[in-house]
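This briefing goes through selected local features of one structure, grouped by topic. Please keep the sequence and the 3D view at hand while reading.

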Amino acid sequence: MIELCGRGIVPGVVEAPALVTREPISGFGGIDVATGTVIEPRHELFGVCFTGRVLVFPGAKGSSGWSGFFQSTRLMGTAPAAMVFDVLTTKAVLGAIVTRVPTVVQALPRPLETIRTGDLVRVDGESGVVTILESASSST
Amino acid sequence: MRLTDDEKRMRDGAEGEAVAAAMDLLVRYGDALGAERLVETRNVAGTMTQPSPAKAKLVEEGGWAKAYAVINLDCDRDIEIPRMKVPTCQLQHGFAGDASGLTHYADSSIRLQDDAESYFSDRGVNILATCTPYQVGNLPVRGEHCAWMESSAVVYCNSVLGARTNCEGASSTGAAALTGKVPYWGNHLPESRHATHLVRADVTVDGFQEWGMLGYFVGELVQEARPAVVGKLGQPDLADLKHFGAATATSGGVELYHLPGITPEAPTLEAAFGGARIAEPVSYGARERAAVYDALNSRGTSRDVDFVLLGCPHASLDQVAQLAALLEGRRLHADTELWVMMPRALSSVAFRNGYTRTITAAGGRVLTDSCPAMSRAAPPGTRVFATDSAKQAHYLPAILGIEAWFGTLAECVDAALTGRWGGGLR
């Protein structure tokens with residue numbers, strides 16, 4: 001069990017499999033809110049669905065519509081289960097708040113180097129602790 | 001975050017439920033950012049009226065009050081929406097009635113938007129309906145704290161006008177409009193406004209296309225950081241800087257740049273860096289310029305052009321006058337459409353000056369309120385489009401799945417007249 005300690009910015013506790021990307025994510029023009037899928041053609045998550053998963057990513061990029069697009073995933077039932085990111089911007093922070101999913105920022109050791117896609121993680125948006133409960137490799 | 005007595009009163013409901021919900025969101029948002037306090041603003045530019053499936057459903061359930069509560073305040077309670085507390089404008093939204101029948105954009109969305117305009121203008125929102133509010137009367141002064149969204153407007157507000165805004169969203173602008181407050185963080189802080197990177201133009205940058213290409217290069221290079229740009233720069237006008245900033249915010253996430261000797265917070269290069277050590281310059285030379293041109297034209301294969309799109313960000317009067325001069329007495333190719341997007345307030349002047357008549361006589365259209373990227377619609381059957389905008393050349397292939405050519409206004413007009421793309425880097 002590995003613990004990452006950061007700052008919780010949206011409260012709540014959730015356990016779900018992680019989806020990790022080293023590339024920033026666009027809201028407007030980058031995700032399809034109806035399916036909860038990344039649609040930016042050259043993105044490494046192109047075609048991958050984030051619904052119900054802990055989205056671990058560096059931060060937001062692109063249009064100021066970022067928060068509105070992620071808010072829409074909540075309204076359409078396609079939101080991620082939680083968010084973990086490093087780069088603090090108005091886009092990503094407001095986006096996490098209106099998506100209303102537990103969110104931890106700037107955790108150490110660094111999430112992008114520590115968490116792997118498929119790991120079962122617990123995100124505690126109150127204490128700011130992200131716990132890897134089960135790693136993807138040990139469960140296969 | 002520390003709240004003033006006045007802010008605590010608002011949070012506790014002294015000005016009604018909607019203001020309390022707005023203050024609650026601002027506190028959650030400011031705390032999450034790590035802001036120490038809020039700052040007063042009397043200038044909000046946001047989005048309330050543009051249609052979407054999620055919004056249509058909310059309006060059906062509980063009217064525009066519900067849509068505003070959920071989308072613009074992140075609040076699920078059934079509340080009344082009062083008049084906006086501070087001057088607030090609507091940015092660009094969906095296509096207006098002038099685009100009805102020209103695209104697959106639904107007439108039901110146009111009607112929903114008209115309905116929203118009545119509701120929100122009754123509550124004091126100025127329906128400027130443009131991505132360039134600074135072209136039609138919303139012109140903050142240097143140092144003024146604003147709450148704006150729309151990436152190309154944010155970068156213009158900070159860099160060219162010297163006003164101060166972060167890249168806000170629908171909810172934070174919705175809350176700022178009802179409270180006159182926004183977190184004092186990021187671009188609002190004087191110490192967070194100095195340059196971090198230096199770019200030196202070693203090729204001459206003059207005119208609309210060159211400023212757009214330089215912007216695309218700078219954005220890709222610095223991402224969300226703050227560049228200063230020096231070198232062989234010609235005198236830019238409003239349209240050049242509008243295009244430059246939009247391009248930096250498209251290839252990267254630039255919210256603030258400095259052009260020493262041109263933009264207001266950088267009388268000198270030293271001032272741009274705020275007295276800190278000046279960064280090593282990155283060169284923008286012939287090779288870099290050619291690479292940007294190739295990137296913006298990498299999505300074009302067929303030279304048969306169906307559609308020419310101008311006015312991104314929304315065209316200025318000068319730009320529309322130039323277009324009219326190029327189209328005077330000529331006629332578009334039978335298979336090619338040409339649209340120029342502009343704020344409705346400017347289109348009335350364009351009409352008055354005869355520019356609109358010249359453009360429509362040639363077969364083109366002057367359209368308002370939106371653009372193909374925002375409304376996700378182009379003329380039916382479009383496979384290949386041409387534009388003078390780096391931003392549209394970047395976004396439309398991804399959003400609409402069409403091919404793109406990027407060039408000068410004259411090359412775009414030539415494509416509209418001949419149906420063929422003949423542009424190239426000169």
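A residue counts as buried when its relative accessible area is under 20%. The model is predicted. By that cut-off, 8 of the 11 residues of helix α15 (residues 390-400) of chain B are buried, so the helix is largely enclosed by the rest of the structure. The points below start with this helix, then turn to a helix pair and a sheet in chain B, and end with chain A.

**Helix α15 of chain B**

- The buried residues of α15(B) are B:Ala390, B:Lys391, B:Gln392, B:Ala393, B:Tyr395, B:Leu396, B:Pro397 and B:Ile399.
- At the start of α15(B), the backbone nitrogen of B:Lys391 has a side-chain oxygen of B:Ser389 within 3.2 Å.
- After α15(B) comes B:Gly401, with a positive phi near 65 degrees.

**Helices α3 and α6 of chain B**

- Two packed helices are described by the angle between their axes and the distance between the axes.
- For α3(B) and helix α6 (residues 170-179) of chain B, the axes come within 7 Å and cross at roughly 115 degrees.
- The two helices, α3(B) and α6(B), are therefore roughly perpendicular, a term that covers angles of 65 to 115 degrees.
- The contact of α3(B) with α6(B) comprises 7 nonpolar, 3 polar and no charged residues.
- On the α3(B) side the residues are B:Tyr68, B:Ile71, B:Asn72 and B:Leu73; they meet B:Ala170, B:Ser171, B:Gly174, B:Ala175, B:Ala177 and B:Leu178 of α6(B).

**B:Asn72**

- B:Asn72 belongs to helix α3 (residues 53-73) of chain B and is buried, with a relative accessible area of 1%.
- The side chain of B:Asn72 reaches the backbone oxygen of B:Thr47 at 3.0 Å, and a polar atom of this side chain lies 3.2 Å from the backbone oxygen of B:Ala170.
- Beyond its neighbours within four places in sequence, B:Asn72 has contacts that include B:Met48, B:Ala67, B:Ser171, B:Gly174 and B:Ala175.

**A parallel sheet in chain B**

- In chain B, 3 strands form an open sheet with parallel pairing, in the order β8-β7-β9.
- The edge strands, each pairing on one side only, are β8 (227-233) and β9 (281-284) of chain B.
- From one strand to the next, the twist averages 25 degrees.
- Strand β7 (residues 197-205) of chain B pairs with β9(B) in the parallel sense over 4 bridges; B:Arg200 has B:Ser283 as its bridge partner in β9(B).
- Helix α7 (residues 208-222) of chain B lies across β7, β8 and β9 of chain B and runs at about 155 degrees to β7(B).

**Strand β2 of chain A**

- Strand β2 (residues 13-20) of chain A pairs with strand β10 (residues 120-124) of chain A in the antiparallel sense over 5 bridges, and A:Glu15 has A:Arg122 as its bridge partner in β10(A).
- With strand β6 (residues 54-57) of chain A, β2(A) pairs in the parallel sense over 3 bridges; here the bridge partner of A:Ala18 is A:Val54.

**A:Ala79**

- A:Ala79 sits in the loop between α1 (66-76) and β8 (82-85) of chain A.
- A:Ala79 is buried, because its relative accessible area is 16% and the cut-off is under 20%.
- Leaving aside neighbours within four places in sequence, A:Ala79 is in contact with A:Phe50, A:Thr51, A:Gly52, A:Thr73, A:Arg74 and A:Thr99.
- A:Ala79 and A:Val101, 22 residues apart in sequence, are 8.2 Å apart from C-alpha to C-alpha.

Note on methods:
Residues are numbered from 1 along each chain as its sequence is written. Chains are lettered from A and ligands numbered from 1 in the order in which they are written. This is a predicted model: local features need pLDDT of at least 70, side-chain atom pairs count only at pLDDT 80 or more; totals for chains, interfaces and linings use all residues. Side-chain values use heavy atoms; hydrogens and water are left out. Buried means under 20% relative accessible area, exposed over 50%, partly exposed in between (1.4 Å probe, protein chains only). A polar contact is a pair of N or O atoms within 3.5 Å; within protein, one must be able to donate a hydrogen and the other to accept it, and residues adjacent in sequence count only if both atoms are side-chain atoms. Contact means heavy atoms within 4.5 Å. Two strands pair if DSSP finds at least two bridges between them. Axes are lines fitted to C-alpha atoms, for helices over the stretch in contact, and angles run from 0 to 180 degrees between N-to-C directions. Angles under 35 degrees count as roughly parallel, over 145 as roughly antiparallel, 65 to 115 as roughly perpendicular and the rest as oblique. Ala, Val, Leu, Ile, Met, Phe, Trp, Tyr, Cys and Pro count as nonpolar, Asp, Glu, Lys and Arg as charged, and the others, Gly among them, as polar.
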